[in-house]
Amino acid sequence: MTESWANLGIDLHLEPAGPGLRKGLTDALREAVRSGRLAPGTRLPSSRTLAGDLGIARNTVADAYADLVAEGHLTARQGSGTRVAEQAGPASSVPRRQRPVRVPERVGPAHDLTPGTPDLSAFPRAAWLKAARRALTNAPNDAFGYGDPRGRPELRAALAEYLARVRGVAADPERIVVCAGVAHGLKLVTEVLAARAGQGGRQRPGTVAVETYGLRFHQEWLEAEGMGTVPLPFDAEGTDPAGLGGERAVLLTPTHQFPMGGTLSAVRRAAVVDWARRTGGLILEDDYDGEFRHDRRPVGALQGLAPDRVVYFGTASKSLAPGLRLGWLVLPPGLVDEVLAVKGYADSCGAPDQLTLAEFLTSGAYDRQVRLMRLRYRRRRDEMVATLARRAPSVRVGGIAAGLHAVLLLPPGTESEVLRAAAWHGLEVQGLSWFRHPEAEAAGRPVPEGLVIGYGRPPDHAWQSALETLCRCLP
């Protein structure tokens, strides 16, 4: 009988005491409810199940439950079982009317137009669930083991086909590594670059050339590995690779530059590839929201020009949702083993989500979702451009041929004033200065002022209100 009581303690975290099975069980359950260890609403095992676990008569458990129901600690309804009563819980020494009022948590802004996130309300739940069911039904048993650190072969094969067809990427499934988003992939590659520098006996891993305007986390990951970052000049043709020298790598968003929104010209694409082949440097290509084009012909990834010198970063964060934590690297042949040695099994994406994305891709559901969202985002972009032309004619709108964001170029000296107005109105936005490399200003070059507006983030029902609030803040 001692072992039976021990089993009860393990399963329900109880320490029954006192003579008699019924009284010991009743007292232990009562104490668990009063102390809050059994939370209100918790469903208890059936009397038959608990009696079988304890090796005692079912009537003993039923009687203990009945006693606690009579006391108000438990409730019992046919079809829903026996549960801890909702009003049950730890006793309070403070009279009900004198208990302190709970202060609600601070709420976020009324409208959020920061870039980088799609409309999360548009996630294709039904289609994703359908793909998950089909994928799990057909999954081999070994899919639930530790598997290949590169990721599930089904997903790598599906990505190779999709990237070649849609983005012009030369993608061998053996050179694709699934990761938990672009940030994770960049961390892996920078660790490899740092390790290579260490093998060469250098005291510092060296420097990486970056765009004058770019994602803050790019610079943070690089610098976390001890690398310096050098901004390249930027003009109407995009980032100018003429400034490249002895850097170990260059990090670019060539298809849709973030945040300025342009496309790297063909001449400059050829120039940066020539630099990589001539010096042995690497091109790190973040294909940022390249699938969402609006007013232009499809622009292929830079990787297709030099698969042996380009590390291609892709993700489902913009096309589906960042919460999936699904991204991928397409690596040059000589980099695969080093990246896998760094990655191991850490931060790997779960096999069920990988299998689901593979099914989503091969079934055509991914293409349909991208087309659907492309139309939705284009409509919002057009509404924003028309409204700003009417309400704020002094503001120029740029970077709108593709993607989920636009750059609003403001009159000189007004960026900080607009940001203060936006904060007052409960509008979350980011100034262009947030994305500017610190050394760009130190060089003394003239810098534009503006806002980077993410028009993909608000759900449909909140878009018009967010746009109206934005107009109130602009000069």
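In the predicted model, strand 5 (residues 207-211) is largely enclosed by the rest of the structure, because four of its five residues are buried. Strand 5 pairs with strand 6 in the parallel sense, over five bridges. One of the residues involved is T207, whose bridge partner in strand 6 is G228.

Both strands belong to an open sheet of seven strands with mixed pairing, in which the order is 4-12-11-10-9-5-6. The edges are formed by strand 4 (176-179) and strand 6 (228-232); each has a single partner strand, so one side of each is left without a neighbour in the sheet. From one strand to the next, the twist averages 20°. Strands of a sheet pair through backbone hydrogen bonds, in either a parallel or an antiparallel arrangement. Whereas strands 5 and 6 are parallel, the pairing of strand 11 (residues 310-315) with strand 12 (residues 327-330) is antiparallel and extends over four bridges. Within this pair, T315 lies opposite G327 of strand 12. Helix 6 (residues 153-167) packs on the sheet, where it touches strand 4, strand 11 and strand 12. The direction of helix 6 makes about 105° with that of strand 4.

Helix 4 comprises 14 residues (residues 58-71). At 1.5 Å a residue, a helix of this length should span 20 Å, and the end C-alpha atoms are 20 Å apart, which agrees. The buried residues of helix 4 are T60, V61, A64, Y65 and L68. Viewed down the helix axis, the buried residues fall within an arc of 135°, so they line one face of helix 4. The face turned away from this buried side carries N59 and A70, which are exposed. Helix 4 is followed by G72, which has a positive phi near 90°.

The mean pLDDT of the protein chain is 86, with 88% of its residues reaching 70 or more. Over residues 1-10 the pLDDT is below 50, and this stretch has 17 contacts in the model beyond near neighbours in sequence. The pLDDT is also below 50 over residues 91-106, a stretch with three contacts beyond near neighbours in sequence. Where pLDDT is low, the predicted coordinates should not be read in detail.

Technical notes:
Residues numbered from 1 in each chain as written. Predicted model: local features only at pLDDT ≥ 70, side-chain atom pairs only at ≥ 80, totals over all residues. Heavy atoms only, no water. pLDDT = per-residue confidence, 0-100. Contact = heavy atoms within 4.5 Å. Helix = DSSP H or I, 4+ residues; strand = E, 2+ residues; numbered from the N terminus. Expected span 1.5 Å × (residues − 1). Buried < 20%, exposed > 50% of the residue type's maximum accessible area, 1.4 Å probe, protein only. Arc of directions from axis to C-beta. Pairing = 2+ DSSP bridges. Axes fitted to C-alpha atoms, helices over the stretch in contact; angles between N-to-C directions.
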